[in-house]
Amino acid sequence: MTDIKGSFPISPLSSTPSTAHRAFGLINLRPSTSLETLLASISIPTKATVIETRPNTQPAGQTTFNTLLNLSLANGQQISVRVQSPIPLLLGAQYQLSLSSDQQSLQAQLVAQEAPLEHLDPETWPPGTVLQGRVTATQQLSAEARTTQHLVKLIHSPSAQTLIVESESPLSIGTLISAQVKNPQALQWLPLNQQLNQIRLEQQLKTQFNQQASLQTLVDHLQEALLSLPKLRPLIEQWLALLPEVAQLTRPQSLAQSLRNSGLLLENQLLAAITDDLPDDLKAGLLRLLQHLKAQDSLLPTLPTALPQSSSGSTSAAVPLPQQAQQLIKQLSMDNAQVALNFPLTRTTYRVNPTQGKLEQLIGLLTAAIARLQTHQLASLAQNQTDERGQQITTWQLELPVRLDTEISVLQIRLQAYITPEEHSPKPEKPNPMSIRWQIDLAFDWPSLGPLQVQTVVQPTGVSSQFWAERATTAQIIQQELGYLREQLQAAGLSVTTLNCYQGVSPARKTHTAVAAYFVDEQA
């Protein structure tokens, strides 16, 4: 990686020489070596890719362009050929090379292809998004130009998209760079240490997501284990007793305590030597239970052999695979790094190995459940960012099993605070929490209601809330209760702007969360 400082624009096509993008006719090229020597190495006609172009000022004042072409030979090898061109060839473009009619020079004609991006689509690459790319070509527009243009191939983007960026620091071909989107026309290069931190975070997020399974699956198996594994009954009951009743979540103090004990803040509490809440922490309880089970199981070194399986059906296993299968799993793994940032986190089913004993199966489920909690923790960190306006976004995301009479169901929660530069600047007093824009997302699938998602936004201008219920009966019930909800919010001193309920799936579940980090080196 290269440590690059500063902010640099994305160049629209019009900023490059118009002749480079309009020269669809034949262009005469003069090889730096003799034509006979070149023809002995390549077959004509052939295709060549422009990877570098720099201006040369001739004594007569005319300008030609020193251009480096990359050619693929019939045997699969590649060679680089330097030629002189009367106009700048399109950076990164492919040209068809042929011999001139007099057999004395080469001719090049542009091959139709997808042009580099002129800007970043804000829906795909919103401000704050971190992206990664590799420099595949470079050009200097003139001898006097202070900036150099670079063609950057975006890693893991749709259709291997490219864009042209300008930089005062020349970058060599092959340089791997990471940048944050400031706006559709500008990127902010990330310092090297920040890139490395982001890489570690993304790698851990992908690892944990590939190992996780829904807490609902664990809860269901623990309830079965109360009968099938009587020796473990006291330990299982001890953990199940930590789960809050749904009524507790309606009281502010009980809700705050349940969030603190969800496991989201466990590591922070340990670092701060705060141990009062550890006996009631759900993640700490799972770790204690797992440690006890491991001590009982002599077969542990071979575990877990059961495989988490996502809703899309992708699996991974530590067995030799054909190269094509390895590439497929690598791509699925890259996709999982993005899916791990979605909210709600997909419910991953756990395919239990039927040859294992119940104790071994339970160890695998506990391991997957802990990975699930850690996926939420890492996803919280990955979504913390500062947007192009300097607004600081802080995220807390968690999953909480909740008691509903005789049943236990899982509630997913995401809290996001949007703090403007004025609000998070140093002040004698802390800013009023109600002056901050808050977004609260809830997602759950309770037996009586079915899949339901709620998004509430609280800001100084008022509060708004939207509901998405997949069942028509649930949507009808919520619609009938919106008037009562408005009255309760107003009674609490809140100004209500909008309250809506829709039948169907939340738009956020149809498209992925756009805060992404692409840090996998495709040549690693």
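This is a predicted model: local features need pLDDT of at least 70, side-chain atom pairs count only at pLDDT 80 or more; totals for chains, interfaces and linings use all residues.
The chain contains 13 helices and 21 strands, and of its 524 residues 46% are buried. When contacts between residues at least 6 apart in sequence are considered, 63% of them join residues at least 24 apart.

In soluble globular proteins, nonpolar side chains tend to be buried together. In the present model, the largest nonpolar core comprises 53 residues, and those with the most contacts inside it are Leu 218, Trp 239, Leu 286, Leu 362 and Leu 366. Helix α10 provides the largest share of this core, with eight residues. When residues up to four places away in sequence are not counted, Leu 362 touches Leu 218, Leu 222, Ala 225, Leu 229, Leu 232 and Leu 293. Another core, of 20 residues, lies apart from the largest one and has Ile 27, Leu 89, Tyr 95 and Leu 110 among its members.

In α6, the residues Ser 254, Ser 258 and Leu 259 are buried, and because the buried residues of α6 fall within an arc of 135° when seen down the axis, they line one face of the helix. Pro 252 and Gln 253 are exposed on the other side of α6, while β16 and β17 are included in what covers the buried residues of α6.

Helix α6 (252-260) also takes part in the largest pocket, to whose lining α6, β17, β18 (437-446), β19 (450-459), β20 (462-469) and α12 (472-491) each supply at least two residues. The space in this largest pocket is about 1400 Å³, and of the 32 residues that line it, Leu 249, Leu 255, Ile 440, Leu 442 and Thr 456 are the closest to its centre. Sorted by class, the lining of the largest pocket consists of 27 nonpolar, four polar and one charged residues.

Across the whole structure, the search finds four cavities of 30 Å³ or more. The second largest cavity, with a volume of about 50 Å³, is lined by Ser 262, Gly 263, Leu 264, Leu 373, His 376, Gln 377, Gln 397, Leu 398 and Glu 399. Two or more residues of this lining are given by each of the elements α10 (358-382) and β16. The lining of the second largest cavity divides into three nonpolar, five polar and one charged residues.

Technical notes: Residues are numbered from 1 along each chain as its sequence is written. Side-chain values use heavy atoms; hydrogens and water are left out. On a 1 Å grid over the protein atoms alone, a cavity is a set of points where a 1.4 Å probe fits but cannot get out, and a pocket is an open set with protein on both sides within 12 Å along at least five of seven lines; lining residues have an atom within 4 Å of a point. Grid points are joined across faces, edges and corners, and a volume is the space filled by probe spheres set on the points. Helices (H or I, at least four residues) and strands (E, at least two) are DSSP runs, numbered from the N terminus. Ala, Val, Leu, Ile, Met, Phe, Trp, Tyr, Cys and Pro count as nonpolar, Asp, Glu, Lys and Arg as charged, and the others, Gly among them, as polar. A nonpolar core is a set of buried Ala, Val, Leu, Ile, Met, Phe, Trp, Tyr and Cys residues joined through side-chain atoms within 4.5 Å. Buried means under 20% relative accessible area, exposed over 50%, partly exposed in between (1.4 Å probe, protein chains only). Contact means heavy atoms within 4.5 Å. The arc is that of the directions from the helix axis to the C-beta atoms.
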